[in-house]
Number of protein chains: 2
Amino acid sequence: MSRETDDLTAVAEPLEDEDLEDLALGEDYALNAEFVSDVADALDRGDAERLRELLSALHPADVADLMGFLSADAREELIPHLDPETLAEILSELDTEIREEVLEHVPSATLAKAIGEMESDDAADVVDDLEDDKRAEVMAAMPEVERAAIETTLSYGDETAGRLMQREVVAAPQFWTVGQAIDHFRKESEELPELFFDVYVVDPAYKPVGAVPVSLLLRSGRQTPLAQIMEPVNEITVDLDQEEVAYIFDKYHLISAPVVDGAGRLVGQITVDDIVGVIQEETEEDILALAGVSDAGRDAGMLGIVRSRLPWLLINLGTEALAVTVIGAFQAEIAKLVALAILMPIVSSVGGNAGTQALTVAVRAIAAKELNAHNAMRIIGRELSVGLFNGGAVGGMLGLGAYVWWHDLRLAIAVGLAVLANMFVAAIGGVVAPIVLDRLGRDPAAPSPIVVTFMTDFFGFLALLGIAALILL
Amino acid sequence: MSRETDDLTAVAEPLEDEDLEDLALGEDYALNAEFVSDVADALDRGDAERLRELLSALHPADVADLMGFLSADAREELIPHLDPETLAEILSELDTEIREEVLEHVPSATLAKAIGEMESDDAADVVDDLEDDKRAEVMAAMPEVERAAIETTLSYGDETAGRLMQREVVAAPQFWTVGQAIDHFRKESEELPELFFDVYVVDPAYKPVGAVPVSLLLRSGRQTPLAQIMEPVNEITVDLDQEEVAYIFDKYHLISAPVVDGAGRLVGQITVDDIVGVIQEETEEDILALAGVSDAGRDAGMLGIVRSRLPWLLINLGTEALAVTVIGAFQAEIAKLVALAILMPIVSSVGGNAGTQALTVAVRAIAAKELNAHNAMRIIGRELSVGLFNGGAVGGMLGLGAYVWWHDLRLAIAVGLAVLANMFVAAIGGVVAPIVLDRLGRDPAAPSPIVVTFMTDFFGFLALLGIAALILL
C-alpha cells in the first residue's frame with residue numbers, strides 16, 4: 001500500500017510551479033499531450049535543465065504515466081535524467097513491461113537501496129520483474145531481513161492474497177486499552193507503516209480476534225479496553241486468489257483486512273487501494289478475453305501485439321472454415337438462387353451479435369457471482385425467451401425486407417425462420433457455454449466467443465440453406 | 001461510505017451460528033446455491049421461524065445478494081420477514097431495479113426513519129429511486145436538516161462528485177495542535193462519521209489547505225501543530241464526473257479526498273470504497289457497450305432485456321443489409337464460381353475479429369487515458385503494421401487452404417489478398433473510430449463496433465468479389 005500525495009496539488013505553492021502544473025496536467029489530472037511533446041523535444045535536444053524543470057512539476061505517478069506515452073527510445077534517454085529517489089518512487093507505478101525495461105538500466109546497488117524503502121508487496125513485485133542475474137545481485141546487496149521478507153512474499157503463488165498483502169501491519173494484544181495503544185504508537189512511530197487504517201487485535205498465538213479502526217481509537221476514551229470496541233474481521237488466507245479477495249472487499253466495503261497463514265496467524269494485511277488495481281486488472285482480462293486479445297501491455301511492440309492477437313485469429317479462421325463447409329454442401333442451391341448468398345451473411349451476423357450479447361451478460365454475471373445453481377435455469381429460460389422474441393422481431397424485419405426486394409414469399413419465410421432459429425441457437429450458446437465452462441473450473445470469458453461464433457455461423461448457414469432447400473428448390 | 005463488518009465472521013461466536021454461516025457462504029464468501037434454495041423453500045412453506053434463522057446468519061450485503069438470486073415473487077414474499085432495521089441496512093446494498101421494487105413495499109414512515117440513519121450519499125440514492133408520490137411522503141416525514149441535505153445532494157448532476165460524496169466530514173482549523181484535535185474528537189464523538197481516514201485542515205473561509213491521515217494524528221506528539229504534519233490534498237470539485245474522480249483516486253492511490261464547491265469551500269468527502277463501485281460500474285458500461293448491450297440490471301425481466309438488446313440488433317441488421325448490397329452487385333460472378341460464396345463469410349469474419357481486437361484495445365487505452373495526441377499517430381501506425389502482418393499470416397493460410405481445396409492459384413491469390421486488405425481496413429477502423437469519437441466528445445465504446453463491423457463486412461465482400469472479378473473471371 002502506498003499513498004503518496006506529493007507536492008502536485010499543494011494548495012500553498014509559489015505561482016511558478018502552479019503554471020508548470022497547469023501545463024503538465026489537464027483539469028482531469030491526465031497528462032497534456034503538449035507537455036509530453038515538450039518532454040520529448042527536450043530529450044531530443046538533450047536539454048537536461050529544461051527536463052529537470054518539466055519533471056519537477058510531476059507526481060511520481062505522473063512520471064510513470066509519462067514513461068508510458070514516450071517511445072521506447074525516448075524512455076531510455078529519460079532514465080539517466082531521473083534522480084535515484086524519483087526512480088525508486090516510480091518503480092511501483094510503472095506497467096510491468098516498461099518496468100522490466102527500466103530496471104535493466106538501473107545499477108544493482110541503487111536498486112537494492114530503492115527496494116529497501118518500498119513496502120513489502122511493491123518490493124517483491126519489482127524483484128520479481130528483475131532478470132535472474134540482476135535479481136541475484138540486488139538480493140545479495142540487501143540486508144538479510146528485507147531479503148527474507150521478499151523471498152517469503154515471492155514464495156506465494158501469483159495473484160494470491162500472499163502476493164498482494166503488505167507484511168507491515170499494526171497489531172495490539174487483547175488486553176491493551178486505547179491509551180496503552182496510542183502511547184505505544186507514539187513511542188514506536190518509526191516502526192509503524194506510513195499509513196494504516198485498522199489496528200488488529202491479536203491473541204497470544206498472534207491470531208487476529210478483531211480490529212479497531214484508527215478513527216474509532218482516536219475518539220474512544222483512553223481507559224477503554226481494545227477488546228470492548230474491536231469489530232469482527234473478515235480474515236483472508238494467504239493462498240486466496242486475488243479475484244476472490246477483491247470480491248470480499250467489494251461486497252463488505254472493507255478498507256483493510258488481515259491476512260493469516262495456514263495456522264490462522266496474522267502475517268500481513270491487504271488494503272483497499274491495492275484492490276482497486278486488482279479490480280481493474282481482472283475486468284480488463286475479461287474485456288480483452290471477450291474480444292479475443294490477451295494483454296500485450298501499454299507499450300508493447302508490434303511483435304508483442306501480434307502474439308497477443310494472431311492465435312485467436314487463426315483459431316477463428318479454423319472454426320470459420322469448418323462452418324463454411326455447410327455452404328459447400330449447398331453449392332447447387334446457391335448457384336440456382338444467388339439471393340441466398342446475399343442473405344447468408346446477414347443471418348450469421350445477427351446470430352453472432354445476439355450470441356455476443358447473451359455471452360457478455362452471462363460472463364459478467366458469473367464474474368460478479370450473481371449466477372449460481374439456484375438461478376441458472378431461470379436465467380437460461382429468460383435468455384431463450386429473449387432469443388425467440390428478438391429472433392422473431394429481427395427475422396420478421398429481414399423477411400419483410402427480402403419480400404419487398406425479391407417479391408418471393410417463400411424466400412422471405414425461409415430467411416425469417418432462419419434468423420429466428422439462429423437467434424435461438426445464439427441464446428443457448430451465449431448463456432450455456434460460459435456456465436458450462438465455469439462449472440468445469442475454466443475461465444468462461446476466453447473460449448466462449450469461439451464456441452458461440454462457430455455455433456452461430458455454422459447454424460446460421462445451415463438454417464438458411466437447409467430451409468431454403470426444403471421449401472424453395 | 002459505509003463499512004459494516006457485522007457478526008458474519010466474528011471469530012468468537014457460538015458454534016451453531018458458524019454452522020449456519022458455513023451453510024450460507026462458500027469459502028469464497030459467495031452465497032451457496034443450496035442456501036438460496038433453502039430460503040426459497042422456507043418462503044414457499046411460509047415457515048417464518050426457519051426464515052428468521054436462515055437470515056440471521058447473513059450480513060446485510062449477503063441479504064442484498066440473496067434478493068438478487070430470488071425470483072421477483074419470492075423477493076416480494078421475503079420483504080415482510082425482514083425487520084425494519086435490516087431493511088434499512090440492505091437498502092444501500094441493493095441493485096437499483098431491485099431496490100425500486102422493494103421500496104414500493106415499505107411504508108413511508110419506516111423509510112423516512114431508515115433514510116435518516118444512512119450517510120448522505122446513500123440516503124440520496126434511495127430517495128432518488130422512490131416514485132414521486134412516495135418521495136414527497138418520505139421527505140415530508142423527515143427532519144428539516146436531513147431533508148435539506150438530501151435535496152442539496154440530489155441537486156448535483158447524476159454521476160458527479162457531488163452525488164458520490166458524503167457530506168459528513170471531519171475538519172479542523174489550521175491553528176489546532178494534534179492534542180486539541182484529539183480532545184475535540186473524543187468530546188464530539190457522537191457528531192463524527194462512523195469511520196474516517198483523514199482530518200481536513202481548513203482555513204477561516206473553510207477552504208481545505210491540507211489533510212492529516214488519522215494514523216499520522218495518532219502517532220504524532222500532542223503539541224505538534226496540524227499545519228506542520230498536514231499533507232497536500234487533491235481537491236475534487238462537486239461537478240467533476242465520477243469517472244474522472246475514479247481516475248484520480250486510482251492514479252494517486254487516494255483513500256479519501258475533500259470535495260469543494262465552486263468557491264473552493266469544503267462541502268464533503270469521497271472515500272475509496274465508493275470509488276470501487278464507480279470503477280466496477282464504468283468498466284461494466286464499456287464491456288456491455290462493446291457487446292452492443294445496455295445494462296438491463298441484475299434481475300431484469302424479459303422485456304427489460306429485449307429493450308437492452310434489440311436496438312443494436314436492428315442497427316446491425318441495417319448495416320449488414322447495406323454491406324450485402326456489394327454481394328448483390330457481383331451476383332453473376334458468384335453464380336459462375338460458387339467458391340466465392342464459401343470464402344466470402346471467412347474474409348468478413350476474420351476482418352471483423354481483427355477489428356474488434358484493435359477496437360477493444362483502443363477503447364480501453366482511451367478509458368485509461370493512455371492515448372493522447374502525443375502518441376496517437378504512433379499507436380495508429382503500430383495498429384496498421386499489426387493489421388498488415390496478421391493479414392499476411394491469416395491471408396496466407398487461407399490462400400493456401402483454398403489452393404489445396406480448389407487447385408486454383410488465382411482464387412487462392414484473390415482470397416489471400418482480400419484478407420490482407422480487409423485486415424488492414426479493420427486495423428484502421430478499429431483504432432481510428434474510437435479516437436475520432438473520443439475527440440468529438442462522444443463515448444468511444446458504444447458506436448465503434450457498429451462502424452467497424454460495417455467496414456469489415458462491406459469491405460471484406462468488396463475486396464474478395466472485386467479482386468476475383470478482376471483476376472479470375
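This is a predicted model: local features need pLDDT of at least 70, side-chain atom pairs count only at pLDDT 80 or more; totals for chains, interfaces and linings use all residues.
Trainee: Let's start with chain A. How many helices and strands does chain A have?
Mentor: You can count them along the chain in the viewer. Chain A has 24 helices, and its strands number 6.

Trainee: Is chain A a compact globule or more spread out?
Mentor: Start with the C-alpha trace, which spans about 90 × 65 × 45 Å along its principal axes. For 473 residues the globule rule gives 23 Å, but the radius of gyration of chain A is 30 Å, well over that.

Trainee: What percentage of the residues of chain A count as buried?
Mentor: A residue needs 20 or more other C-beta atoms within 10 Å of its own to be called buried. Of the 473 residues of chain A, the share that counts as buried is 50%.

Trainee: Now the two chains together. Which helix gives the largest share of the side of chain A that touches chain B?
Mentor: Here 117 residues of chain A are in contact with 116 residues of chain B. By class, the chain A side has 64 nonpolar, 30 polar and 23 charged residues. The largest share of that side is 15 residues, and they come from residues 339-367 of chain A, helix H21.

Trainee: Is A:His253 buried or exposed?
Mentor: Find A:His253 in the loop between helix H16 (242-252) and strand E5 (256-260) of chain A. Most residues other than glycine have a negative phi. As for cover, A:His253 has 21 C-beta neighbours inside 10 Å, so it counts as buried.

Trainee: A:Lys369 has a positive phi as well, so how does A:Lys369 count, with its 18 C-beta neighbours inside 10 Å?
Mentor: A:Lys369 is in the loop between H21 and helix H22 (373-406) of chain A, and its phi is near 55 degrees. The cut-off for buried is 20 or more, and for exposed 12 or fewer. With 18 such neighbours, A:Lys369 therefore counts as partly exposed.

Trainee: Over in chain B, which residue in the turn between E5(B) and E6(B) has a positive phi?
Mentor: Strand E5 (residues 256-260) of chain B runs antiparallel to E6(B), with 5 bridges joining them; B:Val259, for one, has B:Gly268 as its bridge partner. The two strands form a hairpin with 5 residues between them. In that turn, the residue with a positive phi of about 85 degrees is B:Gly264.

Trainee: How are H4(B) and H6(B) placed relative to each other?
Mentor: Helix H4 (residues 60-69) and helix H6 (residues 84-91) of chain B have axes 8 Å apart and pack at an angle of about 80 degrees. Among the residues making the contact are B:Val63 of H4(B) and B:Ile90 of H6(B). Angles of 65 to 115 degrees count as roughly perpendicular, so H4(B) and H6(B) are roughly perpendicular.

How values were computed
Residues are numbered from 1 along each chain as its sequence is written. Chains are lettered from A and ligands numbered from 1 in the order in which they are written. Two residues are in contact if their C-beta atoms, placed from the backbone, lie within 7 Å. Helices (H or I, at least four residues) and strands (E, at least two) are DSSP runs, numbered from the N terminus. Ala, Val, Leu, Ile, Met, Phe, Trp, Tyr, Cys and Pro count as nonpolar, Asp, Glu, Lys and Arg as charged, and the others, Gly among them, as polar. The radius of gyration is taken over C-alpha atoms; the globule rule is 2.2 Å times the number of residues to the power 0.38. Two strands pair if DSSP finds at least two bridges between them. Axes are lines fitted to C-alpha atoms, for helices over the stretch in contact, and angles run from 0 to 180 degrees between N-to-C directions. Angles under 35 degrees count as roughly parallel, over 145 as roughly antiparallel, 65 to 115 as roughly perpendicular and the rest as oblique.
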